[in-house]
Amino acid sequence: MITLDINKVFGFIPEKQIFDRAKAAESVNIELENGTGKGNDFLGWLHLPSSVTEAMLNEIQKTADDLRAQCEAVVIIGIGGSYLGAKAVIDAISGSFDNLSNKKPLIVYAGHQIGEDYLHELSEFLKGKSFGIINISKSGTTTEPALAFRLLKKQLENTIGIDNARKRIIAVTDKARGALRTLATKEGYKTFVIPDDVGGRFSVLTPVGLLPIAVAGINIRQLVSGAVEMEKATGKNIPFAKNPAAIYAVVRNELYKHGKKTEILANFNPKLHYVAEWWKQLYGESEGKENKGIFTAAVDFTTDLHSMGQWIQEGERSIFETVLSVARCRYTVEVPEDKDDLDGLNYLAGKRVDYINKMAELGTQQAHVAGGVPNIRIEIPELNEYYLGQLLYFFERACGISGYLLGVNPFDQPGVEAYKKNMFALLKKPGC
């Protein structure tokens, strides 16, 4: 089980103050379960892990296997929650250099930004390759993915013909409404449904995330099993002192009340970079409302200790840090002896690289706490599908509790529409 350590917070907030919030945290956790709080029409994620059926997993796996057999590359089209969860898991579990090797299929992404050069380069990259498309959009009209899909659909049809292209395009969309649903029905695409009661940032354990993850050759059953375990460990009947999601939610909110306005998610394993990107959306979009909410930021250590480390150590004391630590690495690499020792590293000879990394982590934690940065630590036993499933659900459950403690609706995102209105007006979109 992943574990939560908040001992390095007590020097900034008394332990009693945190545990005095136990009843409030338990109350809002029950509110989540009972569906009596704000945004209760978007609580489908809450028991999603335990409600994923074997039939659904089999259908997703079969579709993924078919794509893997046909394609050298698969393009995942989506933005925000429609791709971040999948990319987080794929990057964390896959080999660091899989997309540079002969391993098939290559997983590439589109529709997550508006970049003309990127789209041109992607089109050039796909020329001569057998590729497929997973288009993820509830409406089918969100500008970034819709634009990418229009271009890539045309390229695929021009390359292998319309009839063959239909067999390599999968639509993950609304069950009954929207432009993509209409197109999928017209063209006969294989489809999967985005549940009406699951928002994008909570959708990684729906086909939105599970299909791309399965296409990447990752064990989705283990991912779901880990999430089921964490669902049980954070339920409404679990007392505050034993509920890691509730504790994390309370600690964040108490630090926020004490002027810690920014939470930095730090990891010491580069494979977790996109887990942090997913986390940034999950909390930023859920809590940043009504002129309230912790600003979510992320760093990759030790890399960013050579860029952001100075600010974290001695900048404005408005931050706290949550560290993701992986207890066991998959492989073993030891430092060799060198007869000249010009780099001065012979004192490390025979030691594992991970041991050095762990000492960097501990030294960083000590320095940052001494510098006035409260520190939360989440330990993942090892980086596999099971524990990653636990981590994802832990953050989701804690987000729901934290949003309610903050007093906002954590399941809407009205502010996201502001830039779109301006953009559509500038582009002279009909009706805008």
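**Reading helices and salt bridges**

Me: Where do Asp-354 and Lys-358 lie?
Reply: Both sit in helix H15 (residues 353–370), four residues apart, which is about one turn of the helix. Helices here are DSSP runs of H or I with at least four residues, strands are runs of E with at least two, and both are numbered from the N terminus. By the way, this is a predicted model: local features need pLDDT of at least 70, side-chain atom pairs count only at pLDDT 80 or more, and totals for chains, interfaces and linings use all residues. Residues are numbered from 1 along each chain as its sequence is written, and side-chain values use heavy atoms, leaving out hydrogens and water.

Me: What links the side chains of Asp-354 and Lys-358?
Reply: First, the general idea: side chains of opposite charge can pair when their charged atoms come close. We call it a salt bridge when a side-chain nitrogen of Lys or Arg is within 4 Å of a carboxyl oxygen of Asp or Glu. Asp-354 and Lys-358 make one, at 2.8 Å from N to O.

Me: Are Asp-354 and Lys-358 buried or exposed?
Reply: Buried means under 20% relative accessible area, exposed means over 50%, and partly exposed is in between (1.4 Å probe, protein chains only). Asp-354 and Lys-358 are both buried.

Me: How many salt bridges does the structure hold?
Reply: It has 27. One of them joins Arg-201 to Glu-285, with the closest N and O atoms 2.9 Å apart. Arg-201 is in the loop between strand E6 (190–193) and helix H10 (207–215), while Glu-285 is in helix H13 (residues 273–287), so this pair ties together parts 84 residues apart in sequence. Arg-201 is buried at 3% relative accessible area, and Glu-285 is partly exposed at 21%.

Me: Which residues are linked in a network of salt bridges?
Reply: Asp-163, Arg-166, Lys-186 and Glu-187 are.

Me: Now helix H6: which of its residues are buried?
Reply: In H6 (residues 116–126), look for Leu-119, Leu-122, Ser-123 and Leu-126. They span an arc of only 100 degrees around the axis (judged by the directions from the helix axis to the C-beta atoms), which puts them on the same side of H6. Facing away from that buried side are the exposed Asp-117 and Glu-121.

Me: What covers the buried residues of H6?
Reply: Think of contact as heavy atoms within 4.5 Å. The cover includes strands E2 (73–77), E3 (106–110) and E4 (131–136), plus helix H7 (143–160).
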